[in-house]
Amino acid sequence: MGEPHGFADRRRVVITGLGVVTSIGVGVREFLAGLRTGRSGAKPITSFRTEGYAYATGCEITDFDPGQWVENTDPARLGRASQFSAAAARMAVVDSGMSPQRLRELRTLVSVGTTDGESRDLDTLAVQQVEHGPENLDQVFARRATANRLATSAVRELALTNVEAVTIPTACAAGNYAIGNGVDAIRAGDVDVALVGGVDALCRKTFAGFYRLGAMAPAVCQPFDLDRKGILTGEGAGLLFLESLDSALARGARVYAEVLGYGLNCDANSPVAPDQTSLARCMQLAHRNAGIKPDDVDFISAHGTGTRANDKTEVGAIREAFPTPPPTISIKGMLGHTMGAASALATAGCALAITEGFIPPTINHEATDPECGLDCVPNTAREAEVDVVQNNSLAFGGNNAVVVLGRLRDVA
Amino acid sequence: MTAATAPDAGALVVTAWSAVSAFGMGSAAFRDGVSRQRDAVTAVDLDEFPGPFERAGLIPGFSPTGHLGAKGTRNMDRLTAIAVSTVGQLVREYGGEVTEDPERVGLVLGTGSGSVQSIMDFTRDSLVGEKPYHVDPAKFPNTVMNKATAQSAIWHGIKGPNTTIAGDWLTGLLALSYAVRLCRAGHCDRVLVGAVEEYSTQRAWLEWHAGAAGDRAPALGEGGAIFLVEPVDVAARAGRTPLASVLATRFMAAATTAQAGETLADCVRAALRQAGVAPARVRVVAPAAADGGLGSLESAAITEVLGETDARWVRCRPLLGDASAVSTAFQLAAALGEPLGRDEVALVTGIDRDGAVGCAVLGGGTTS
């Protein structure tokens, strides 16, 4: 196995800012408090009409006021996902401590993952079609409903000009894909700063689909539990402010964690079912890219959706890739499945775990499924010295993405 | 490769491409259509595609089962079928070795918002059915925006990184930029990169309303374009001859669409500087050539940077319609269809509807 091109002289990449919009808290401080205390975002869904469903619980965000967070954006011109994106981008920049003026002088990548883009608006347009006919759609919705707006709305909010703005709709692994893009861009010297992560808003379409598949839990999401009943759909945004280590040191920035590397692959097998061996291979690719061994990993933040198939297959893959698996948790018990935002929010959680010295809990846990059988840090966060964390994500279509973070060390 | 851009072993080159468009299936049909400037926008069968447009640049006679057979296409939407066919066209034209060692082959495809037809039909079923969950579970994956890319990997057995990219009219250029980065970073040995777009009733209505142009709305197009990109040393070992080198991609964003022209000029200057290429070496220009104001801003910006030039301008949009997500990928294909000597470069540009701009600089000639 030869070293990849540019491997030897690549720049190190660090996370120096976090912007998070979640059902357990908006902003880093609230999100961190939620992770530490095992807060649940589950509640009855109000985003769309739920008559006709036997149950409709989701991890909805009910206390998000976009006007409180954005400065240059008229929220009415954006779909809900783009509002999340613009707000999270602003938060991440504020949290990084870099002035917006300085940021505008630098070359930047904005890379935003998503499952559904602005499908919330496409839902609304479908309602308008049914009620009024296709000749009578709202122009504002038709214009703002495209997926690229998730990235360009962050660009507009920050008034960036020297910027590459891309949306990466690689479904439920999209956040990690978008993070990887930023990592490579900084490593290669393509950009100075990358705002990367994932965004999604609750939508009727996705709720109906998962419900019909029998993958939707009635009330709670219980990853790795013997009695787990499926996912809860969630929403939110997680954007990370990435820069080179040299840049962070030069400006004396607070570093949450270093992104050690990542791996991607595709099962090329089933449109919906995960593939254990392929996922294990993706973890190995990530380890190699990060220059670590399985034993180095202090805990795994699993995709851990709480469906029978995902959790069993994912744990099987972990056992393939790890002679002795470390504690393996899922924050989806707290946040639900935030789709394209999920792996980005989990990466943000992993960065906080390193900085703050704890492992977030897997909540709603009663009895561990023997088919899973790992230490999932049930219900209560655990104080721990965390040096290296692995964050898994997998998606429909067999799209796997695994990111590895580490405590910043070996700084000259 | 050009002498002035003496390639290191890791320089990335395009060694194969194909396209599926209103010109027909494959690179030969595409090259022929562009070179003869054939107008491929034709009457829409309004029984198949009811909607506001009477004319469009449709792939002639295309249907999922017609092009891919009955097996595995029962629930396949048009977008995914175009993607699978586009990748298949490249494999057919250049041979199966393109996808050999499948874990080391990446697949990167651009899309608008996936298939808005599949997405909105699914929501509609939920709205009008007796119960809101009376939707077809087999069609749920079609409503997820990575479906076309993922299904292409499943169909053709491509197991490396599999990424879907969205960026409105810049999608093809953004996909190329992403793919180059992916390959340079060693996540794959070579990468199939392109973009796809479908014509559908839902897309037509959304474009119609978003454009607010009513009868003046330009005809829409559809199709796919795909490129094999790899380091020059990998290509050499496989015996594939470089068609062009990817010298630079660059993107910027204008504060308002009115400023998109001057921002594009800045972007092109930066890309040429990054590529180490003087403006006089640009011999082929493939602009987005949008109707109306954006198209005028674009050509003025390019002319401003290149100065007095007798470069060949290749415009495929007037021939194929507004192909949205596949627009800039069609332009890349059009540029590759032009003869380009040593020391000559091609410039491909785009402006999207939100004020973002981008370009790619391709180096011509091949290594001897």
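Helices and strands are taken here as DSSP runs, of at least four and at least two residues respectively. On that basis, in this predicted model, residues 10–407 of chain A are 36% helix and 21% strand, and the end C-alpha atoms of the span lie 18 Å apart. The UniProt record, an unreviewed entry, lists this span as "domain: Ketosynthase family 3 (KS3)".

Chain A meets chain B through an interface in which 72 residues of chain B are in contact with 75 residues of chain A. Together the two chains bury about 6000 Å², 60% of it on carbon and sulfur atoms. Polar interactions also link them: there are 30 residue pairs in polar contact, both residues at pLDDT 80 or more, and 5 salt bridges. One salt bridge joins the side chains of Arg156(A) and Asp354(B), at 3.6 Å from N to O. On the side of chain B that touches chain A, the elements giving two or more residues include H4, H5, H6 and H7. The largest share, 9 residues, comes from H4(B). By class, this side of chain B has 36 nonpolar, 24 polar and 12 charged residues.

Of its 10 residues, 9 are buried, among them Lys147(B), Gln151(B), Ile154(B) and His156(B). What do the buried residues of H5(B) pack against? In chain A, their partners are strands E10 (257–266) and E16 (399–406). Within chain B, they pack against helix H3 (78–94) and strands E5 (105–110), E6 (162–165) and E7 (190–197). After H5(B) comes Gly157(B), with a positive phi near 65°.

Conventions
Residues numbered from 1 in each chain as written. Chains lettered and ligands numbered in written order. Predicted model: local features only at pLDDT ≥ 70, side-chain atom pairs only at ≥ 80, totals over all residues. Heavy atoms only, no water. Buried < 20%, exposed > 50% of the residue type's maximum accessible area, 1.4 Å probe, protein only. Contact = heavy atoms within 4.5 Å. UniProt positions renumbered as here; feature names shortened; annotations may be inferred. Buried area = accessible area lost by both parts, 1.4 Å probe. Salt bridge = Lys/Arg side-chain N within 4 Å of Asp/Glu carboxyl O. Polar contact = N/O pair within 3.5 Å; in protein donor to acceptor, adjacent residues only side chain to side chain. Nonpolar A, V, L, I, M, F, W, Y, C, P; charged D, E, K, R; others polar.
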